[in-house]
Amino acid sequence: MQTTGLCITVIGRDEDTIRQARIAAEPDADLVELRLDSMEKPDAAAALQGRRKPAIVTCRPLREGGMFDGSEEARLRILAEAHAHGAEFIDVEWDANASSLIEARHGRGVIVSRHDFDGVPRDVETILNALRAAGGEVTKLAAIVERASDLQTLLDHARPDGSSVLIGMGRAGLATRVLAARFGSRWTYAGNGIAPGQVSAGRLIEEFKFRRIRPDGAVYALLGRPVVNSLSPAMHNAGFAALGLNAVYVPIESRDLEGFREFAGAIGMAGASVTIPFKRDILPLLDEVAPTAAAAGAVNTIAIRDGRWIGMNTDAEGFMEPLRKRLPRLSGIRALVLGAGGAARGVGLALRGEGAHVAIAARRSEAAQVVAQAIGGDVSSWPPRPGSWDLLVNATPVGSAEQRDAVPFDGPFDGRLVYDLVYDPDPTELMRLATRHGCPAIGGLEMLVAQAERQFEIWTGAPPPAGLFAEAAARAIKSRSVASQLPPVGGA
């Protein structure tokens, strides 16, 4: 199997902008895709001038998700100009009348592509055969994916000869970009701002350690929804690199669990983290559940040993470690847990084990009753009464990145400590609100790091170097903050 390359896609409204973007991308790239459809006046010669890395010239029409809205005749002239100026690769769409261009190049360096924004087509084999029949060197199929079974469909059609590129577009398709070699892709595309689910070259290289991924490496996954922006890959991949392990950790965002175990077996999965909304739904797929996970009724860690799936839960350990630094004596304190899901159950059990009086508060009182009964706690009213808690724990996703201005509780903050399990953003709006009212607050980042360290040790048999996960998470947060300020660069 040949080495999978990294193609960085660049855009620009004029020749200076696209050249500058190309120059900036070239040091990290094996090849650069020049999206001429982003230019107000597409100019292949100008975009190619002075290049230091092989280039793919693309002028994507609107019908295939691109930006070119001119005539097809004009578009094909632009591609012909790219050929005349020596472009190493030219991308032509499956329905383009480009036979003369393909013949002129004898197929060499021609990418015949198709993009399906409705989902993975049922007749993938037929479509790929038609793309190959067009006579190009590389066939490219990009399709929106929503679940693990869609990833499996693409994986089933992987070829090891470097003649194709298979991409799962959308948030659920990130595994096809990181594990491009497993999907038989000649290269993977990086960038941001155009293609659904695409990540930056910096994130691929730094967080996912793309350059050190080997085709025979162990795969670890983060299963949930949403997870594509999780900090866990940055931590675990840093750990694998530090210990020299042939392994990679990748998010798998899925609408449901359909086909997950089958895909895990096919991709070589050795373990997984599980988060919302699958911590309880995953239980029927497991062969064994550890006592702590069974008591919590939720799993956040899967270890795969000799084909057996063992469910565990490291949430309690991760939750308690930073809490003990602030409240060394928990016996007798009044702990109010907001939420009625797997996280609420897990932290409630941990607090009960330390002798705290635990009450569960949720908008649906019947859900709160189920959790309270399971952990031997009480049910609190909603909203909670003033003066009813010493420790307030937010075990809901309210206030996370996609709803960062929301709060699950707006006071009064008359207790000793607020603990928000949400880790992105940091601080959350709940933490800010509590602090403004004189109540100390801690966020979920410390918990995330602590439970991830325990997961890593379960999987590998060794803990990560001290402080490494916290440093990796901090770097990832900083780099994403910087990236959000940059102009868009990206492609399919």
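Student: Where is Thr396 found in this predicted model?
Tutor: Look for two strands here, strand 18 (391–394) and strand 19 (417–420). Thr396 sits in the loop between strand 18 and strand 19.

Student: Is Thr396 buried or exposed?
Tutor: Its relative accessible area comes out at 19%. Buried means under 20%, so Thr396 counts as buried.

Student: How many disulfides does the structure hold?
Tutor: In general, a disulfide is a covalent bond between the sulfur atoms of two cysteines. The count for this structure is 0. Take Cys7: it is in no disulfide, and the nearest cysteine sulfur, in Cys59, is 16 Å away. A disulfide needs sulfur atoms within 2.5 Å, so for Cys7 the number to compare with that is 16 Å.

Student: Is Cys439 buried or exposed?
Tutor: Its relative accessibility is 2%. The cut-off for buried is under 20%, so Cys439 is buried.

Student: What word describes how helix 12 lies relative to helix 13?
Tutor: The axes of helix 12 (residues 315–326) and helix 13 (residues 342–353) come within 9 Å and cross at roughly 55 degrees. That angle makes helix 12 oblique to helix 13.

Student: Which residues of helix 13 make the contact?
Tutor: On the helix 12 side, you'll find Ala316, Phe319, Met320 and Leu323. Helix 13 brings Gly346, Val347, Ala350 and Leu351.

Conventions: Residues are numbered from 1 along each chain as its sequence is written. This is a predicted model: local features need pLDDT of at least 70, side-chain atom pairs count only at pLDDT 80 or more; totals for chains, interfaces and linings use all residues. Side-chain values use heavy atoms; hydrogens and water are left out. Helices (H or I, at least four residues) and strands (E, at least two) are DSSP runs, numbered from the N terminus. Buried means under 20% relative accessible area, exposed over 50%, partly exposed in between (1.4 Å probe, protein chains only). Axes are lines fitted to C-alpha atoms, for helices over the stretch in contact, and angles run from 0 to 180 degrees between N-to-C directions. Angles under 35 degrees count as roughly parallel, over 145 as roughly antiparallel, 65 to 115 as roughly perpendicular and the rest as oblique. Contact means heavy atoms within 4.5 Å.
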